[in-house]
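Dear colleague,

I am passing on the structure below, and after it I have set out what was found. Please read the notes with the coordinates open beside them.

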Amino acid sequence: MADSMRHPNVARIYDYLLGGKDNFQVDREAAARLQEVLPDSVRAARENRRFLERVVRYLVWQAGIRQIIDIGTGLPTRGNVHEVAQRIAPETRVVYVDNDPVVVRHGMALLVTGEDTAMVEADLRAPRAIMTHPDTRRLIDFGAPVAVLMLASLHFVTDADDPRAIVRLWRETMAPGSYLAISHITADEVDPASAKAAQEVYADASAPAVPRTLAEVEAFFDGFDLVPPGVVNISSWPAPVPGRPRHRALLYGGVGRR
Ligand SMILES: C[S@@+](CC[C@H](N)C(=O)[O-])C[C@H]1O[C@@H](n2cnc3c(N)ncnc32)[C@H](O)[C@@H]1O
């Protein structure tokens with residue numbers, strides 16, 4: 001059995017939570033364990049995709065962004081970044097980045113639909129390799145505003161890999177008027193035993209999951225002006241939906257302007 005089928009994979013677990021078909025038994029078992037301890041994890045995964053859509057619409061429609069780097073793309077699903085963006089502004093250029101070869105293969109087939117999108121195999125932890133990749137150079141002009149998305153991906157970077165330094169390097173590389181968007185798992189509203197059990201599901205997976213507090217997620221935006229309402233439960237960005245009950249936060253999200 002291939003090693004990739006023996007261990008759960010973070011992209012495939014997420015695909016399963018979203019109702020996708022690109023996953024194996026080992027991923028479905030991991031997702032089932034996750035749902036046992038966090039029964040609202042399916043809702044959170046779906047909320048995260050809705051957050052992604054709202055953020056991309058905001059960036060393209062309201063902020064006028066026409067170039068996007070999406071780091072930690074995930075397996076293709078409905079409402080992919082370039083689809084949401086190009087529906088509003090067809091000339092928007094999108095560079096997808098993931099370090100999972102299977103995600104990259106699927107992305108090449110399904111996300112690279114024209115000259116304006118690219119799929120780059122690279123690691124979030126090696127930002128310079130992303131910035132200098134030939135496809136990034138071809139599609140992204142760092143002299144103009146750009147949006148960098150780290151949606152449900154930064155929590156796969158442990159403190160040992162200094163995620164704040166990674167984000168700082170992106171900030172220093174971006175032109176004024178650029179944006180950073182993050183969504184990030186948290187255990188702030190989860191009891192400690194469930195949080196520990198959820199983390200254990202990922203201990204054997206392709207990447208460990210690192211929940212962070214509200215203050216830690218906010219700190220990623222140092223040097224950015226947070227777009228209101230700031231870093232909040234993803235389902236409440238940019239505003240709570242009237243009439244919808246307030247669910248506990250499993251992910252925080254926010255958008256900052258350089
Ligand atoms: C949960 S999915 C999120 C997908 C999408 N961004 C979203 O929010 O719907 C996380 C993705 O991040 C990728 N990822 C995890 N660690 C990474 C790293 N160090 N470098 C690049 N991608 C990474 C995984 O392969 C996976 O495809």
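**Serine 178 and its surroundings**

A polar atom of the serine 178 side chain lies 3.0 Å from the backbone nitrogen of valine 146, a polar contact in the sense used throughout (a pair of N or O atoms within 3.5 Å; within protein, one must be able to donate a hydrogen and the other to accept it, and residues adjacent in sequence count only if both atoms are side-chain atoms). Before going further, please note that this is a predicted model, in which local features need pLDDT of at least 70 and side-chain atom pairs count only at pLDDT 80 or more, while totals for chains, interfaces and linings use all residues. Residues are numbered from 1 along each chain as its sequence is written, and side-chain values use heavy atoms, with hydrogens and water left out.

The side chain of serine 178 also reaches the backbone oxygen of alanine 175, at 2.6 Å. Serine 178 sits in the loop between H9 and strand S5 (179–185), where helices (H or I, at least four residues) and strands (E, at least two) are DSSP runs numbered from the N terminus. Leaving aside neighbours within four places in sequence, serine 178 is in contact (heavy atoms within 4.5 Å) with Ala144, Pro145, Val146, Gly256, Arg257 and Arg258.

Alanine 144, one of those partners, belongs to the loop between helix H8 (134–139) and strand S4 (147–151). Alanine 144 is partly exposed, at a relative accessible area of 24%, and apart from residues up to four places away in sequence it touches Gln67, Ala175 and Ser178. Its C-alpha atom is separated by 7.9 Å from that of methionine 174, which is 30 residues away along the chain.

**The ligand**

The ligand is surrounded by 20 residues, of which the closest are Tyr14, Arg49, Gly72, Asp98 and Leu151; a residue belongs here if one of its heavy atoms lies within 4 Å. A polar side-chain atom of aspartate 98 lies 2.6 Å from a ligand oxygen, a polar backbone atom of glycine 74 is 3.2 Å from an oxygen atom of the ligand, and an N or O atom in the side chain of asparagine 99 is 3.3 Å from a ligand nitrogen. Taken alone the ligand exposes 600 Å², and the protein buries 97% of that, the areas coming from the Shrake-Rupley method with a 1.4 Å probe. Two or more residues of the shell come from each of helix H2 (10–17) and helix H4 (41–62), and H2 gives the most, with 3 residues.

**Aromatic pairs**

The whole structure holds 6 aromatic pairs (rings of Phe, Tyr and Trp, the last by its six-membered ring, with centres within 6.5 Å; planes under 30 degrees apart count as stacked, over 60 as edge-to-face and the rest as tilted). Phenylalanine 51 and tryptophan 237 have ring centres 5.8 Å apart and planes at 80°, so this pair is edge-to-face. Because phenylalanine 51 lies in helix H4 and tryptophan 237 in the loop between strand S7 (232–233) and strand S8 (251–257), the pair ties together parts that are 186 residues apart in sequence. Both phenylalanine 51 and tryptophan 237 are buried, and ring pairs link Phe51, Tyr58, Tyr179 and Trp237 into a cluster.

**Backbone details to check**

Two cis peptide bonds deserve a look: the one from proline 228 to proline 229 has omega near 10°, and the one from tryptophan 237 to proline 238 has omega near 0°. Proline 229 is in the loop between strand S6 (225–226) and S7, whereas proline 238 is in the loop between S7 and S8.

Alanine 152, although not a glycine, has a positive phi of about 50°, and aspartate 162, also not a glycine, has a positive phi of about 50°.

With best wishes

Technical notes. Buried < 20%, exposed > 50% of the residue type's maximum accessible area, 1.4 Å probe, protein only.
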